[in-house]
Amino acid sequence: SSAATPPATATLPPTFAATSSPLAAKANEQMSNLILWRDPLRSAVTFAVGNCIFAIALFGPWTAPTVFGTITFYTIILTWSLAMLGRAVLALGRHAALDAPLEALGVSVIAAMPQPLHPHGELIPAEAAADAAKQVAAVINSLFSALKRAGTSGSPACTLVTLAAAFTLKTAGGFIGAIPFLWMLFLCLFSLPRTSELYGARLLQTIDTLRRLFVDKKERAISVVRIEAMRFLPKEVLDKLGMSNLRGE
């Protein structure tokens with residue numbers, strides 16, 4: 001009896017497995033948990049917000065520069081107002097001899113803020129950017145290796161899938177812009193890994209069953225064709241092969 005097929009476990013691509021810093025490892029873990037729906041609430045909120053952004057960008061009256069400019073404009077107004085309010089409160093605190101408690105409160109508030117919002121915080125740390133660049137390069141190299149495999153006869157299935165995907169992009173590329181294409185990638189990112197985790201083993205088992213059924217029927221058909229072809233051989237040849245019974249004589 002054949003061994004039971006182990007359940008499939010969806011993970012990030014192998015290129016994301018090797019990380020050179022704890023920050024990159026933590027980011028990879030968070031990304032994996034997000035797209036695999038380990039925290040359903042966070043994944044659902046991210047999925048909903050992402051779809052809203054793409055829908056607004058695609059169907060709304062705003063362009064990307066308009067949205068970026070609007071967000072920047074109101075963010076600067078809000079942060080400037082909060083900064084001026086904080087200075088005014090500190091100035092009043094000095095007159096009321098409350099400057100020390102207010103400064104301690106300000107330090108506590110800053111410490112509780114995310115790292116990028118600190119006075120000297122960075123939005124993208126150089127270490128994380130370097131790790132991200134290495135991972136992007138690894139993903140691109142993996143895709144390039146897959147294309148090279150598809151261009152050879154080493155994996156017919158890979159060749160057929162790549163040809164189908166390329167033909168689809170070639171045909172529908174003129175009707176799909178950049179934003180719809182990115183939206184499709186976003187939907188695939190949040191659906192395919194989880195689907196593979198839940199139904200990957202069952203799907204592979206079904207494909208293997210169909211493959212075996214096809215191979216068995218093909219071998220039977222080949223055997224029938226060979227037997228029918230041998231019926232037309234001369235009797236002397238069939239006698240030498242010990243198959244004279246094929247002529248029904």
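**Close-up views of a predicted helical chain**

**View 1. Surroundings of Phe186.** Leaving aside residues up to four places away in sequence, Phe186 touches Thr46, Phe47, Gly50, Asn51 and Phe54, a contact being heavy atoms within 4.5 Å. The model is predicted: local features need pLDDT of at least 70, side-chain atom pairs count only at pLDDT 80 or more, and totals for chains, interfaces and linings use all residues. Residues are numbered from 1 along each chain as its sequence is written, and side-chain values use heavy atoms, with hydrogens and water left out.

**View 2. The chain as a whole.** The chain contains eight helices and zero strands; helices (H or I, at least four residues) and strands (E, at least two) are DSSP runs, numbered from the N terminus. Of its 249 residues, 12% count as buried, where buried means under 20% relative accessible area, exposed over 50%, and partly exposed in between (1.4 Å probe, protein chains only). Among contacts with a separation of 6 or more, 55% join residues 24 or more positions apart. The accessible surface is about 19,200 Å², and carbon and sulfur atoms provide 71% of this area; areas come from the Shrake-Rupley method with a 1.4 Å probe, and for residues only the protein chains shown count as cover.

**View 3. The largest nonpolar core.** Leu34, Phe54, Trp183, Phe186 and Phe190 make up this five-residue core. Helix 7 (residues 178–230) supplies the largest share of the core, three residues. A nonpolar core is a set of buried Ala, Val, Leu, Ile, Met, Phe, Trp, Tyr and Cys residues joined through side-chain atoms within 4.5 Å.

View 4. The structure holds nine aromatic pairs. Rings of Phe, Tyr and Trp (its six-membered ring) pair if their centres lie within 6.5 Å; planes under 30 degrees apart count as stacked, over 60 as edge-to-face and the rest as tilted. The ring centres of Phe47 and Phe190 are 5.7 Å apart and the planes stand at 50°, so this pair is tilted. This pair connects distant parts of the chain, with Phe47 in helix 2 (residues 40–59) and Phe190 in helix 7, 143 residues apart. Phe47 is partly exposed at 27% relative accessibility, whereas Phe190 is buried at 5%. Phe59 and Trp183 form an edge-to-face pair, 6.3 Å from centre to centre with 70° between the planes. Because Phe59 lies in helix 2 and Trp183 in helix 7, the pair ties together parts that are 124 residues apart in sequence. Phe59 counts as exposed at 64% relative accessibility, and Trp183 as buried at 15%.

**View 5. The aromatic cluster and Trp37.** One aromatic cluster is formed by Trp37, Phe47, Phe54, Phe59, Trp183, Phe186 and Phe190. Trp37 lies in the loop between helix 1 (22–35) and helix 2 and is partly exposed, with a relative accessible area of 24%. The phi of Trp37 is near 60°, a positive value in a residue other than glycine. Most residues other than glycine have a negative phi.

**View 6. Salt bridges.** The chain has five salt bridges, each a side-chain nitrogen of Lys or Arg within 4 Å of a carboxyl oxygen of Asp or Glu. Glu197 forms one with Arg38, the closest N and O atoms being 2.7 Å apart. The two partners are 159 residues apart, Glu197 in helix 7 and Arg38 in the loop between helix 1 and helix 2. Glu197 is buried, with a relative accessible area of 16%, while Arg38 is partly exposed at 43%. Arg194 also forms a salt bridge with Glu197, with the closest N and O atoms 2.4 Å apart. Arg194 and Glu197 both lie in helix 7, three residues apart, about one turn of the helix. Asp208 forms a salt bridge with Arg212, the closest N and O atoms being 3.1 Å apart. Asp208 and Arg212 are four residues apart in helix 7, and therefore separated by about one helical turn. Asp208 is partly exposed at 26% relative accessibility, and Arg212 is exposed at 52%. Through shared partners, salt bridges join Arg38, Arg194 and Glu197 into one network.

**View 7. A nonpolar surface patch.** Leu169, Phe175, Ile176, Phe181, Leu182, Met184 and Leu185 form this patch, with about 710 Å² of accessible area together. Patches are made of residues with over 30% relative accessible area and no salt bridge: like charges are joined within 9 Å, nonpolar side chains (Val, Leu, Ile, Met, Phe, Trp, Tyr) within 5 Å. Four residues, the largest share of the patch, come from helix 7. Ile176 lies in the loop between helix 6 (156–172) and helix 7 and counts as partly exposed at 32% relative accessibility.
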